[in-house]
Amino acid sequence: MLALLRTVTVFDSVPQKQNRVRCGSNLSPAPSATKMDDRETSDSPTDSQREEELQMDAPPPRGTVSPFSKLGAMMRIRNKYQALKRRRLEQGGGASAMGRPSLRSTSPEVFTFDPALAEANAVPPHRRLKKKRKSRVLFPNDSRKFLPVAERSRAKPFLILLSVIVFLQVYNAIENLDDHVLRYDLESLEKTLRREVFGQQAAMTNLLEHLYDYLSTYAHNKPLAVSLNGPTGVGKSHLGRILARHFHSVVGEQLVVQYFAMHHCPLGEEAGQCARDLLSRVGEVVTQAEAEEKIPILIFDEVEHMHQGLLDTLHGLLQPGQNNEYLNAVYLLISSLGDAQITKHVLQNSSSTSRGQLGRDLGPLLRRSLEKHHPLWAEVDIVPLSLLEKSHVMDCFLDEMTREGFYPDRPHIERLAEEISYYSAEGVQFSQNGCKQVVAKVNLL
């Protein structure tokens, strides 16, 4: 350092005295220098930097280069850097103490190797909002691509199983219906009725429909009651005998009851005892039928001659609120009640188009009339039998003569048919007594 000072002293000239004084002032801790530093540090960083740049850009005096001027410039730069550093630290500490972020300085950035200061001056970059990437379904390269299958409901197999069970039950019920119908052989009964009963096709069809519907199943909530009403000689009793004969061979004689009012209870004073006997007989039959899982047939003929007690007993047997064995039974009531209304209706509607609707039109009229006789007929299905025409009477003669062994001569049959009394309506002849006199006339041959 002493050698350097000596060299500088030799080469200094009079014009460089001002520079030496300036440099010396930088080296010595004079009060004026301290005041200058304080004033410079109190200035804003922008003003001090501008003064420094002007001084550094000012060209040195021509022909002289003083090392003290360079040293003084370096000292000034160092002092200003330290002052700027302290100011930034103070501003940063005050901002953090107030809970506010420090203001970004407008002074130019200064390179430094201090990592703490670099981190303090560093401005955090703006955070980029990351987009949520949708999950994608990846498939192997060697397989076909399918959409993901939704989870199947666990109730679907049970629903399919329930449908199968219901289908099997319905199918079994249909098979049972066929079995019940086959057990009673109603097809054979239908053929017999159409062959042996003349002039009552509409009534036979109505009766068979009731039997088919009721006998197709074994469980019922009410017994079947059918009332066969018609004038004298139209084949009511004959129909009852055919039904009894058929069901004797199908369900057995013990389960078929034929009750004739004039034969089983002829005296009026025994009506109470007849009612008790009838009730006991019906109880025995239905109990046996329940044990054999069959439906009994009870045929009551000549109902118009029944006493009030017997009608009350029958009315009680047809009620739905009874034991199960009494609900599975078929009651056929044969009577001539309402014959006058049937005759009048047939004669007034003697055309072929209206004769097929006899049961449909006459049934409600007969019901209102028979309900006045006894409430029993409010519980039954009424099947009216029509008057027989002359052709039907001739068929009765032919059948009876064949049965008795006579030769069926057509002229002879017509001559016998002429001896019967008839009603005439619109060119059609209806027998007044049906086929009731046929047997008596054939026996006279």
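This is a predicted model: local features need pLDDT of at least 70, side-chain atom pairs count only at pLDDT 80 or more; totals for chains, interfaces and linings use all residues.

Modeller: Residues are numbered from 1 along each chain as its sequence is written, and side-chain values use heavy atoms, with hydrogens and water left out.

Colleague: How many disulfides does the rule give?

Modeller: The rule asks for a pair of cysteine sulfur atoms within 2.5 Å. C265 and C274 qualify with S to S at 2.2 Å, and C396 and C435 with 2.1 Å. In sequence order the bonded cysteines pair 1-2, 3-4. The count is two disulfides.

Colleague: Which hand does the disulfide of C265 and C274 have?

Modeller: Both cysteines, C265 and C274, are buried (under 20% relative accessible area; exposed is over 50%, partly exposed in between, with a 1.4 Å probe and protein chains only). The torsion about their S-S bond is about 95°, so this disulfide is right-handed.

Colleague: And C396 with C435, how many residues apart are the parts that this pair ties together?

Modeller: The S-S torsion here is about 75°, so this disulfide is right-handed. Helices (H or I, at least four residues) and strands (E, at least two) are DSSP runs, numbered from the N terminus. C396 sits in helix 18 and C435 in the loop between strand 7 and helix 20, so the parts tied together are 39 residues apart in sequence.

Colleague: On helix 13, how wide an arc do the buried residues cover?

Modeller: The buried residues in helix 13 (308-317) are L310, L311, T313, L314 and L317. Taking the directions from the helix axis to the C-beta atoms, they lie on the same side of helix 13, because they cover an arc of only 160°.

Colleague: Now the rings: which residues form the aromatic cluster?

Modeller: Rings of Phe, Tyr and Trp (its six-membered ring) pair if their centres lie within 6.5 Å, with planes under 30 degrees apart stacked, over 60 edge-to-face and the rest tilted. Two pairs turn up in the whole structure: Y259 and F300 are tilted, at 5.7 Å and 50°, while F300 and Y331 are stacked, at 6.2 Å and 15°. The cluster is made of Y259, F300 and Y331.
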